[in-house]
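Reader: I would like to go through this model with you, beginning with the terms. Could you set those out before we turn to the details?

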Amino acid sequence: MTSIFKDKDSQPDEAALKKALGKTFSFWKELESYTFSCYPIAQVEWTYSGQKFVWSHRIKDSKRVIIYLLTRSEFFKGAFVFRSKAQS
């Protein structure tokens, strides 16, 4: 199952995200808020990774992705990155 945002010329915005995720949008926002409370200087980035992976939402520090949030129809997947440097 791939992202529902497939058009590389149309980066998802908050309104489209809210509509696509439905009831799970509040959980998305909660994960974002928690990540920023732990790491206030993090940055949000939407990245188009080609037809196979389409749009992904990343929260990252200056060099590393902290969390990937991947959209699906009425839900999303989260992938956390736990590297040895990130744990120290």
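Author: Buried means under 20% relative accessible area, exposed means over 50%, and partly exposed lies in between, with a 1.4 Å probe and protein chains only. Helices (H or I, at least four residues) and strands (E, at least two) are DSSP runs, numbered from the N terminus. This is a predicted model, in which local features need pLDDT of at least 70 and side-chain atom pairs count only at pLDDT 80 or more, while totals for chains, interfaces and linings use all residues. Residues are numbered from 1 along each chain as its sequence is written, and side-chain values use heavy atoms, with hydrogens and water left out.

Reader: How many residues of β2 are buried?

Author: Six of the six are buried, so β2 is largely enclosed by the rest of the structure. On one side these are W55, H57 and I59, and on the other S56, R58 and K60.

Reader: In which sense does β2 pair with β1, and over how many bridges?

Author: The two strands pair in the antiparallel sense over six bridges; pairing requires that DSSP finds at least two bridges between the strands. In this pairing T47 stands opposite S56 of β2.

Reader: And what joins β2 to β3?

Author: A hairpin does, through four residues. β2 and β3 also pair in the antiparallel sense, over four bridges, and K60 stands opposite V65 in β3.

Reader: Turning to α2, what span should its 14 residues have?

Author: Helix α2 (residues 25–38) should span 20 Å at 1.5 Å a residue, and its end C-alpha atoms are 20 Å apart, which agrees. The expected span is 1.5 Å times one less than the number of residues.

Reader: Which residues of α2 are buried, and which are exposed?

Author: F25, W28, E32 and T35 are buried. They cover an arc of only 90 degrees around the axis, which puts them on the same side of α2; the arc is that of the directions from the helix axis to the C-beta atoms. On the other side, F27, E30, Y34 and S37 are exposed.

Reader: What covers the buried residues of α2?

Author: The cover includes α1 (14–21), β1 (43–48), β2 (55–60), β3 (65–72) and β4 (75–80).

Reader: Lastly, where does S73 lie, and what does S73 touch?

Author: S73 lies in the loop between β3 and β4 and is partly exposed, with a relative accessible area of 48%. Not counting residues up to four places away in sequence, S73 touches I4 and A20, where contact means heavy atoms within 4.5 Å.
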